[in-house]
2 protein chains.
Amino acid sequence: MFELMIHLENDSKKPLYEQIYTYIRENIADGKISYGEKLPSTRFLSKYLQVSRSTVELAYEQLLSEGYIESEPCRGYFVSDISKLYHIHIERENKEKEYSIRKKQQQSYKIVFSPNQNEMQYFPYNAWRKLSKEILAENNPDLFLAGEAAGEIELREAICNYIYHARGVNCIPDQIIVGAGNEYLLILLAQVLGSGRSVAIENPTYLQAYRTLQSMEYTMLAVGSDENGLSIEEIRVAKPDIIYTMPSRQFPMGMVMPMKRRLELLHWAAEKEDRYIIEDDHDSEFRYKGKPIPSLQGSDRNGKVIYMGTFSKSIGASIRVSYMVLPEHLLEVYYQKCGFYASTVPKEQQKMLAAFMNQGYFERYLNKMRGIYKGKHDIFLALLKKEAWVHKIYGDYAGMHVLVEVNSKMSAEEIVEEAKKQGVRIYALEEFMISDKKKPVMKYPTLVLGYGALSEAKMREGIAVIENVLQKEDSI
Amino acid sequence: MFELMIHLENDSKKPLYEQIYTYIRENIADGKISYGEKLPSTRFLSKYLQVSRSTVELAYEQLLSEGYIESEPCRGYFVSDISKLYHIHIERENKEKEYSIRKKQQQSYKIVFSPNQNEMQYFPYNAWRKLSKEILAENNPDLFLAGEAAGEIELREAICNYIYHARGVNCIPDQIIVGAGNEYLLILLAQVLGSGRSVAIENPTYLQAYRTLQSMEYTMLAVGSDENGLSIEEIRVAKPDIIYTMPSRQFPMGMVMPMKRRLELLHWAAEKEDRYIIEDDHDSEFRYKGKPIPSLQGSDRNGKVIYMGTFSKSIGASIRVSYMVLPEHLLEVYYQKCGFYASTVPKEQQKMLAAFMNQGYFERYLNKMRGIYKGKHDIFLALLKKEAWVHKIYGDYAGMHVLVEVNSKMSAEEIVEEAKKQGVRIYALEEFMISDKKKPVMKYPTLVLGYGALSEAKMREGIAVIENVLQKEDSI
């Protein structure tokens, strides 16, 4: 019999049975107690350690259930052959290891004017914790069993309700497909719409969407825009099957598509049976002037619009929940071609989000954040307007970024490079253009400046750096 | 000024300020207090309601922050134009609505012998709750900001460590790509390996993998197996670029590929530069006899194997976390072609899982569950062996299902249909065969019977139904 060196700590947070369990388990794992050895009886050990017999029994049960020991009727407990068990030693050295292939050193900046970063300090963490606790409260095996391919019905109902009231989207929950991000949904959608199709997309645009559709072997056609958005003339020339557009607020240009252009697009789509419009309604939540413009989908009478929305801006980028609304006649194809894909969003996350929406937190948070972002917008615009290098500002009064035309002989890309050297990341409009189709769309060099995650101090500091970069150039 | 009808409840769970806030908010939302109306001063209202002034101030601040009221210096508080705010009325009637397009009525069975369902009643829900609480404990904005495309490094380190110790996979964390399920990772992989390639896949197989690769426009070649797995002769005839295989335990056949066949496959892959083997190591965690067989990846010296694993079986189907290990030389292509896709797994979920692994819960749970599943396996096998209709059993001593050849003149599909009528879902081997390539691979009709989620009582009841189905046929 092995030597007993268990020192029980009565005032430890760890229950006594767990201390016994851990001691024996570690000794078995380390080979100090070996295969086939007999353990002391629970009666003996409880007396020896001066604990209750049930405490020892609990420890033994735990060891039994995890396969460290076996019970032989009338003979007692014996150490198992543990070579079959998992022993996952956490190797701390691992963490020190230098990884040779680490993705190119990510440069860190003191200030990033990202158009896609949002402010997370006002998030209702308490509510989120409360909901998490409620959802995990019961030992609910269902939480871990496979769910519905298109998403949990309670979340699809909450989304349906929200996009109807907030965005005028007409649908029933069955038309909503929930997925882990817009790109993933575009991959599914390409399978629904079929292979080998051509897509017209504005240039500049969300390059992620461009690249995703391209990776699905779609023919991508870059088309121009005028002040009302996507040019219908260019569509007539390019002859795509599908249009990808952001009518509520084009990214990154910021223009809103007026009703007339919307109707022209819908008319174009209705002309042929398999034409479709993908409406990306990415950050329509935040408008600081006038009423929000309802979705294009809401004006569609022919089942031509696929509406896409996301919680990445309204909640946070890492939440990884997006949704698309399919026209009813595409649902059968969806279930046939994609019904076998399990949902990519964990059920726990879906239930959290549904509760967050159904209990009113989402609505309150949106309303609060609009105020916060409007405040940031007003400060940022006021700061920019004082700057002599600012020629003109576009895309204000909505979202979390503006376009700024700059009085400078430098190119926007040169300005960006110089600012980087001073630890400030700003963006050139060209960075949002399709790589082999970069062409000047603005008269002056144009920057994309996001302010969603920045404090006033950071804005001031960043603007001073841009000014500094531009002054330097003048003095040359 | 509007009429004050607030009835404060001192003994309510809701704080007083929240009661005031809710009352005013609802009155504004309902139009009972309208745009431009002046609110009573905080001083007046606190006196009137006999609460502290700070309580009223708190309520007003909340209303301000959510945009319901505006403050005008020296004049007081006024109701805002709330037509710009979100009002998401939860329509309860919605829930009663009959959805016309609801996906074909899912039949419910009293017993399902699913090969993919696992037992969740032993999951350490307490530990999961504890970790969730810890991770959400601080108001951590970072939790909601975009993470690394390939997955959080702490999770990739934990996985790296686990697959090294448990499966002999040789890699560094940088080679691991985390994603929301195997199908999603296959979609990424198809982009890394390039378009228009051909894949040999065993038949029968995991049809999800077959369909996913097919949907990526890959040419799919169904190849046969012998008792050692994938036939190398058929590979030589089919001439694929890529092989998709499950060497540790073929699904659904259950055979384990011996070392000789593995080396033949690796040799085949090494012959040409762009040949690859996708190793799906789906349920290697659960073996009840002998030592687990190390991964094929562990024997690969030429960077030819892409290893894929999942937590769907070891934890639960809805957790939606899978991972693949890319050979080092494919990492550059991955970052170039797929680096722009944001990770599909929420950061919160990734942190939970990393903590679950790093704190030893995963190891303990795996060891416990192996004991549980072994117990179920032993009971199920003992029950089956008593049955006269059972001709032969394959794929035992591992996983959560067996293959059963049946003494019957009925086809397996007929047996399945008859059992369905009695509320029991069993599976015919043909259901796992590629639809246009169904051919008999067994002499007798063969059933796939999963027992992972079933109690002994359910097993008995289900087996009695199968017996009943088969007896009926005899008596005809």
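Across the interface of chain A and chain B of this predicted model, 2 salt bridges are found, a salt bridge being a side-chain nitrogen of Lys or Arg within 4 Å of a carboxyl oxygen of Asp or Glu. In one of them, B:Arg25 pairs with A:Glu363, and the closest N and O atoms lie 3.5 Å apart. The contact (heavy atoms within 4.5 Å) draws 93 residues from chain A and 94 residues from chain B. About 9,100 Å² is buried between the two chains, with carbon and sulfur atoms giving 57%; this area is the accessible area (1.4 Å probe) that two parts lose on being put together, summed over both.

How do the two copies relate to each other? The same surface serves both, since 100% of the contact residues of chain A recur in chain B.

Helix 11 of chain B (residues 331–338) has B:Leu331, B:Tyr334, B:Tyr335 and B:Cys338 buried, that is, under 20% relative accessible area (1.4 Å probe, protein chains only). Helices are DSSP runs of H or I with at least four residues, and strands are runs of E with at least two, numbered from the N terminus.

Residues are numbered from 1 along each chain as its sequence is written, and chains are lettered from A in the order in which they are written. Local features need pLDDT of at least 70, side-chain atom pairs count only at pLDDT 80 or more, and totals for chains, interfaces and linings use all residues, while side-chain values use heavy atoms, without hydrogens and water.

Terms used: Buried means under 20% relative accessible area, exposed over 50%, partly exposed in between (1.4 Å probe, protein chains only).
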